[in-house]
Amino acid sequence: MLALGKLLELTLAGHEPAAKIQLTAEGARLRWLAEGALEVTPPGSDDSGLDLLLSAGVHGNETAPIELLDRLLQGIARGTLKPRARILFLLGNPEAMRRGERYIEQDINRLFNGRHELSSGFEALRAGELERLSAAFFSKPQRSRLHYDLHTAIRGSKIEQFALYPWREGCIHSRLELARLQAAGIAAVLLQSKGSITFSSYTYAQLNAEAFTLELGKARPFGQNQQVNLDRLEARLQCLIEGREPQVEAGALEGLQLFSVAREVIKHSDAFTLHLPADIENFSELPVGYLLAEDIAGTRWTVEEEGARIIFPNPKVKNGLRAAILVVPASADSVA
Ligand SMILES: O=C(O)CCC(=O)N[C@@H](CCC(=O)O)C(=O)O
Ligand SMILES: [Zn+2]
């Protein structure tokens, strides 16, 4: 196998490869761009016209998606997977990956869309670098742009695999992309209704890519991901990479659960208290009138929405950041 196929090994060891460019036997080019960043270019005559950004490790302890990207890249480097798409593999936070932590100083996934410029430290620098690498990758005109930012969650979930679909002014969520996600085993999609500071929000809003955060199960250390079944996603990514994706039916989206984000609960101070059991699962339903959280100066977050469900409750986030999301069921009428 080509040495550049071992991007994960290189990244975990903190090593730069001796050769920055290598060619597979079929003529696909692998180019190391920066720590945890590798671009694959298919042979010119084989190019399907898709630019595919696959990122993982934006949170360093979310290892199942990192292992998935490692398998895909190793397949390309061995020649068993024959790329027809341009691909950018990004391992988001190498230092946090080495330490098995979500982040070291700051959550990188709260530093996009320019936020890193208001901050300092290596995670702010890395967010800026990830923006630049993505912008350069998605700079070619007249190509399809697709970004999957792969994550696993802190807690269990009533719906194991789901996606968050970012928001951009004047842009309608794509039914075709939803059907593509469903075919990859994604059971639910959260439709965002305002801009955000996550990686997928950046590539969606600034780089005109179709972009998603994918939540794929519960976060566990390297080598302990037997319970995270990524078979359907992996098979679909292989198809996308090889330009042999089966036709997706963008019709009814039957069986795909859609939710819209009703509210983001923001932690404003150290006095923030979340009134939920520590082991509550994502997508747990909360009744109208439920006192969800309290914060400084008598602030109270009470559930007002029928059918509200809680996602990513986390009272330990830094002040000013999202401590939970409340979602409500949505219909497919709002997608194009
Ligand atoms: O389990 C949790 O509480 C967080 C899991 C996670 O890392 N989720 C992403 C979602 C990004 C998005 O909103 O698109 C995150 O919080 O960064
Ligand atoms: Zn994550």
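Colleague: Where is the place of His59?
Modeller: His59 sits in the loop between strand S4 (50-56) and helix H2 (63-78). Helices (H or I, at least four residues) and strands (E, at least two) are DSSP runs, numbered from the N terminus. Before we go on: this is a predicted model, where local features need pLDDT of at least 70, side-chain atom pairs count only at pLDDT 80 or more, and totals for chains, interfaces and linings use all residues. Residues are numbered from 1 along each chain as its sequence is written, while chains are lettered from A and ligands numbered from 1 in the order in which they are written.

Colleague: OK. Is His59 buried or exposed?
Modeller: His59 counts as buried because it has 24 C-beta neighbours inside 10 Å. The cut-offs: buried is 20 or more other C-beta atoms within 10 Å of the residue's own, exposed is 12 or fewer, partly exposed is in between, and C-beta atoms are placed from the backbone.

Colleague: And what does His59 touch?
Modeller: Not counting residues up to four places away in sequence, His59 touches Asn93, Ala96, Arg102, Tyr103, Asn109 and His151. Contact means that the two C-beta atoms, placed from the backbone, lie within 7 Å.

Colleague: Which residues does UniProt give as "binding site"?
Modeller: The unreviewed UniProt entry puts that feature at His59, Glu62 and His151. They are spread over 93 residues of sequence, yet they cluster in space, with a largest C-alpha distance of 7.4 Å. UniProt positions are in the numbering used here, feature names are shortened, and annotations may be inferred rather than shown by experiment.

Colleague: What about Glu62, buried or exposed?
Modeller: Buried, because 28 other C-beta atoms lie within 10 Å of Glu62. Glu62 is also in the loop between S4 and H2. Leaving out residues up to four places away in sequence, Glu62 touches Gly57, His151, Thr152 and Ala219.

Colleague: Which residues are around ligand 1?
Modeller: Among them are His59, Asn109, His151, Arg155, Phe312 and Asn314. Near here means a C-beta atom, placed from the backbone, within 6 Å of the molecule. By class, the shell has four nonpolar, seven polar and one charged residues. For those classes, Ala, Val, Leu, Ile, Met, Phe, Trp, Tyr, Cys and Pro count as nonpolar, Asp, Glu, Lys and Arg as charged, and the others, Gly among them, as polar.

Colleague: Switching topic: what domains does the assignment give?
Modeller: Domain 1 (3-242) and domain 2 (262-334), with bounds that come from an automatic or database domain assignment. Their C-alpha centres lie 28 Å apart.

Colleague: Last one: which residues are buried in helix H6?
Modeller: In H6 (residues 199-207), Phe199, Ser200, Ser201, Tyr202, Thr203 and Tyr204 are buried. Just after H6, Asn208 takes a positive phi of about 55°.
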